[in-house]
Amino acid sequence: MRISRHKPEDCACIRPSEITAEATYLNRRDVLKAAVATGLITSASGSIQAANSQSLVTVKNPSFSVSDKPNAYDEITNYNNFYEFGTSKEDPAQHSGAFKPKPWSVKIGGECEVKGSFTLEDILKPHSLEERIYRFRCVEAWSMVIPWVGFPLKDLLGRFKPTSKAKYVAFKTIMRPSEMPGQRFHTLDWPYVEGLRMDEATHPLSLMAVGLYGKTLPNQNGAPLRLVVPWKYGFKNIKSIVEINFVEKQPPSSWNIANPDEYGFYSNVNPTVDHPRWSQARERRIGASAGLFNARQETLMFNGYEAQVASLYKDMDLRRNF
Ligand code: MTE
């Protein structure tokens, strides 16, 4: 396993010629499904993981979707950051086959009236699933467009009746080194943790995602339950969540613990505030849509969601609170 840090050079490792178009992928997926069904394939790889995903009943939500062309399923599921499975972009698809996202439960606690352990089925039951096409911007200066399936995080949090002391929400990823080979190395302080301020968590754009492209999440994308906060850099989007706590004080976040000078708590996409080692002014859209010359495009303030979220930060110095 290669131990590396977040750096933009990592992003240069995927070429348009390596990317499978969606139509080709769908064909391949049908072949894979048939092969899995007939027992021809038993080992797990990224694509087979994806073939094992189940279809979900979803309603498209155009008012929370962008019109940018989504990335192909193959791109979204084979170019990932999920350090529990290794540090390279290919590791999560290749090394997450043994991970079991079922059965699953999430522990709820802290400053709320309703606490306890809830199964995934309990969590999902009252919510109808929406498809929302969101821009995704990684801190490493690449981006994608992803058709997520999920429901507003606000609706889930409201069910636990947070008290007036709940100023932040803290999230934790599962700790399971037997199935997550990356957790056997100290690349980060395990388990992975993240946090949001309460008004960020309850913003209508914050999504509790359970699928993509109309199917349950593949392991490498954070099965069975992950956060998607589209105006923040990708690392705020914690995967495979097993614990949610309402807290009074700003909770720790894994990348901030690992390197506080480079990764702040807020991590809002901001083209005017550079990462100490590289500019954040431009981004490279992964995949065929990036074009022959791999053109970079300008990064938009709050990843293009400025009209919706700027008011959350109106009195804050965003250079200090990066
Ligand atoms: N969540 C956990 N538990 N572990 C991780 O290593 N990586 C983060 C975030 N969530 C990460 C995680 C980072 S750095 C990014 S960019 C996004 O997940 C990547 O999500 P994706 O692979 O679905 O695109």
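Begin by selecting Pro224, which is in the loop between β9 (215–216) and β10 (226–228). Helices (H or I, at least four residues) and strands (E, at least two) are DSSP runs, numbered from the N terminus. The model is a predicted one: local features need pLDDT of at least 70, side-chain atom pairs count only at pLDDT 80 or more, and totals for chains, interfaces and linings use all residues. Residues are numbered from 1 along each chain as its sequence is written, and side-chain values use heavy atoms, with hydrogens and water left out.

Pro191 belongs to the loop between β6 (168–173) and β7 (193–197).

Now go to Ala141, in the loop between β4 and β5. Its phi is near 75°, a positive value in a residue other than glycine. Most residues other than glycine have a negative phi, and most peptide bonds are trans.

## The ligand

Which residues come nearest? Of the 17 residues around the ligand, they are Tyr83, Glu84, Arg226, Asn237 and Lys239; a residue counts as near if one of its heavy atoms lies within 4 Å. The shell consists of seven nonpolar, seven polar and three charged residues. In these classes, Ala, Val, Leu, Ile, Met, Phe, Trp, Tyr, Cys and Pro are nonpolar, Asp, Glu, Lys and Arg are charged, and the others, Gly among them, are polar.

- Arg226: an N or O atom of its side chain is 2.6 Å from an oxygen atom of the ligand.
- Thr173: a polar side-chain atom lies 2.9 Å from a nitrogen atom of the ligand.
- Asn221: a polar side-chain atom lies 3.2 Å from an oxygen atom of the ligand.

On its own the ligand has 530 Å² of accessible area, and the protein covers 100% of this (Shrake-Rupley method, 1.4 Å probe).

## The cavities

The ligand sits in the largest cavity, meaning that more than half of its atoms lie within 2 Å of the cavity's grid points. On a 1 Å grid over the protein atoms alone, a cavity is a set of points where a 1.4 Å probe fits but cannot get out, and lining residues have an atom within 4 Å of a point. The volume of the largest cavity is about 330 Å³, taken as the space filled by probe spheres set on the points, which are joined across faces, edges and corners.

Select Asn81, Phe136, Arg226, Gly234 and Lys239: of the 25 lining residues, these lie nearest the centre of the largest cavity.

Conventions. A polar contact is a pair of N or O atoms within 3.5 Å; within protein, one must be able to donate a hydrogen and the other to accept it, and residues adjacent in sequence count only if both atoms are side-chain atoms. On a 1 Å grid over the protein atoms alone, a cavity is a set of points where a 1.4 Å probe fits but cannot get out, and a pocket is an open set with protein on both sides within 12 Å along at least five of seven lines; lining residues have an atom within 4 Å of a point.
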